[in-house]
Amino acid sequence: MPVELPTVELHRATLPNGLRVLIAPDPNTPVVAVAVHVDVGFRSEPEGRTGFAHLFEHLMFQGSESLEKLAHFRHVQGSGGIFNGSTHQDYTDYFEVLPAAALERALFLEADRLRAPRLTEENLRNQVDVVKEEIRLNVLNRPYGGFPWLKLPPVLFETFPNAHDGYGSFDDLEAATVADAAEFFERYYAAGNAVLAVAGDLDVDRAAQLVERHFGDVPARPAPPRPSFAEPDITSERRQSYVDKLAPLPAFASAWRVPDPITDFAAYLPYVVLAEVLTDGDASRLVRRLVQTDRIATSVGGYVSFMGEAFDVRDPTALLLQAHLPPGGSVDRVLAVIAEEVDRVAQDGLEPGELERTVARMSTHLLRDTDTVLQRALQCAVHEQQRGNPGLSYELPARLAEVTEEQVRAAAATLSTNRRATVEVVPGGGMQ
């Protein structure tokens with residue numbers, strides 16, 4: 001059955017300084033969203049500067065040459081808007097949503113800090129402390145902190161870009177200097193390395209004029225050469241464990257490499273569908289077997305990419321399966337059952353209607369994710385940046401509907417033990 005896609009009006013342009021611009025008008029909402037995506041994430045940061053991409057996200061909120069510290073906050077919130085930023089494996093984004101009448105204010109604020117953020121010793125030391133506290137809160141002092149997105153990559157990968165801790169080591173963060181920050185900004189925060197997306201209740205011609213007015217004089221610098229993240233797949237099983245003294249129950253996560261999500265998208269999509277077939281919902285294969293029938297796991301989940309962003313990531317990435325176990329639970333037993341269920345998909349295929357139900361559920365979630373102007377701006381920007389296809393989100397339901405049962409079976413057949421990397425959480429100082 002053909003998938004009916006929503007229509008979206010999308011205008012693309014590139015300014016003389018190299019900044020790519022996307023404008024997506026939507027008269028059905030009284031707000032506008034502005035998003036700036038910079039093509040630098042955890043994997044691009046150099047050795048000795050772990051956590052620098054995330055640290056820089058914080059620094060970009062500390063004022064600019066023309067605005068004092070906290071001015072960005074006051075201008076957005078004073079207009080009734082919201083704002084934030086986030087760092088990912090392959091990009092960093094900055095965004096705000098404001099009433100439609102405040103569009104120019106948002107564009108001015110984003111252009112102002114892209115032109116010249118306030119990089120001072122005071123701001124740097126303050127934000128290093130903030131990031132360190134964030135690491136304590138989210139990783140060091142939290143049960144299952146960093147599991148599995150920080151703990152599993154160094155088991156599956158060997159190269160620094162793919163394996164290192166993107167949150168950063170305290171030593172690297174404390175060693176950062178203002179000169180380091182200035183060099184990072186000059187290299188990565190170039191107009192030619194960024195995408196601006198504007199969505200919402202706006203006039204396209206006026207929005208384009210405002211973009212030119214505020215971003216046109218941002219210095220023209222080309223995008224830096226992207227470092228290679230390539231490394232060969234593993235050929236024998238890898239397994240590590242670590243003690244989490246705050247974790248009450250055992251847990252583990254396993255990963256298998258998948259095809260290139262950019263250059264081999266047709267081969268990649270069946271793995272995204274397979275992860276959903278195995279783990280999404282009470283009727284999914286592994287939930288029924290592990291949680292409901294055998295009762296050897298308390299929860300199970302599966303997704304593609306370490307941050308669960310299947311369509312916002314470059315190669316290499318992986319399909320992940322993770323589970324939490326009851327007291328005294330056996331990781332080996334759960335892994336054996338997973339292998340059985342994956343092999344059953346590969347050998348016997350899917351149940352009648354299983355693929356259609358899974359794809360329909362995935363399509364519903366994808367369309368819901370593009371329903372807000374903010375998500376529309378964010379997704380258009382990252383898909384333009386990584387693929388040169390800002391409308392990918394609206395194509396995904398149809399592309400997923402093209403995935404066949406044979407392709408899902410073939411994907412399952414590749415999830416062999418010799419390609420599996422597993423990290424195990426040992427709870428409570430070894431007490432189970």
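**View 1. Helices α10 and α11 on the sheet of the predicted model.** Helix α10 (residues 265-279) lies across strands β9 and β10 (318-324). Its direction runs at about 170° to β9. Helix α11 (residues 285-293) also packs on the sheet, where it touches β9 and β10. The angle between α11 and β9 is about 155°. The model shown here and in the other views is predicted.

**View 2. The five-stranded open sheet.** The strand order is β7-β11-β8-β10-β9, and the pairing is mixed. β7 (238-244) and β9 (299-304) form the edges, each pairing on one side only. From one strand to the next, the twist averages 15°.

**View 3. Strands β7 and β11.** These two strands pair in the parallel sense over seven bridges, with β11 covering residues 421-427. S241 has E424 of β11 as its bridge partner.

**View 4. The F56–F184 ring pair.** The count of aromatic pairs comes to 18. F56 and F184 make a tilted pair, with centres 5.3 Å apart and 40° between the planes. The pair links distant parts of the chain, 128 residues apart. F56 belongs to helix α1 (residues 52-59) and F184 to helix α8 (residues 178-188). F56 is buried, at 0% relative accessible area. F184 also counts as buried, at 5% relative accessibility.

**View 5. The aromatic cluster.** Ring pairs join F52, F56, F61, F73, F83, Y94, F184, F185, Y188 and Y189 into a cluster.

**View 6. Charges over ring faces.** K132 lies over the face of F170, 5.3 Å from the ring centre. R387 lies over the face of F265, at 4.6 Å from the ring centre.

Methods. Residues are numbered from 1 along each chain as its sequence is written. This is a predicted model: local features need pLDDT of at least 70, side-chain atom pairs count only at pLDDT 80 or more; totals for chains, interfaces and linings use all residues. Side-chain values use heavy atoms; hydrogens and water are left out. Two strands pair if DSSP finds at least two bridges between them. Helices (H or I, at least four residues) and strands (E, at least two) are DSSP runs, numbered from the N terminus. Axes are lines fitted to C-alpha atoms, for helices over the stretch in contact, and angles run from 0 to 180 degrees between N-to-C directions. Contact means heavy atoms within 4.5 Å. Rings of Phe, Tyr and Trp (its six-membered ring) pair if their centres lie within 6.5 Å; planes under 30 degrees apart count as stacked, over 60 as edge-to-face and the rest as tilted. Buried means under 20% relative accessible area, exposed over 50%, partly exposed in between (1.4 Å probe, protein chains only). A charge sits over a ring if NZ of Lys or CZ of Arg is within 6 Å of the ring centre and within 35 degrees of the ring normal.
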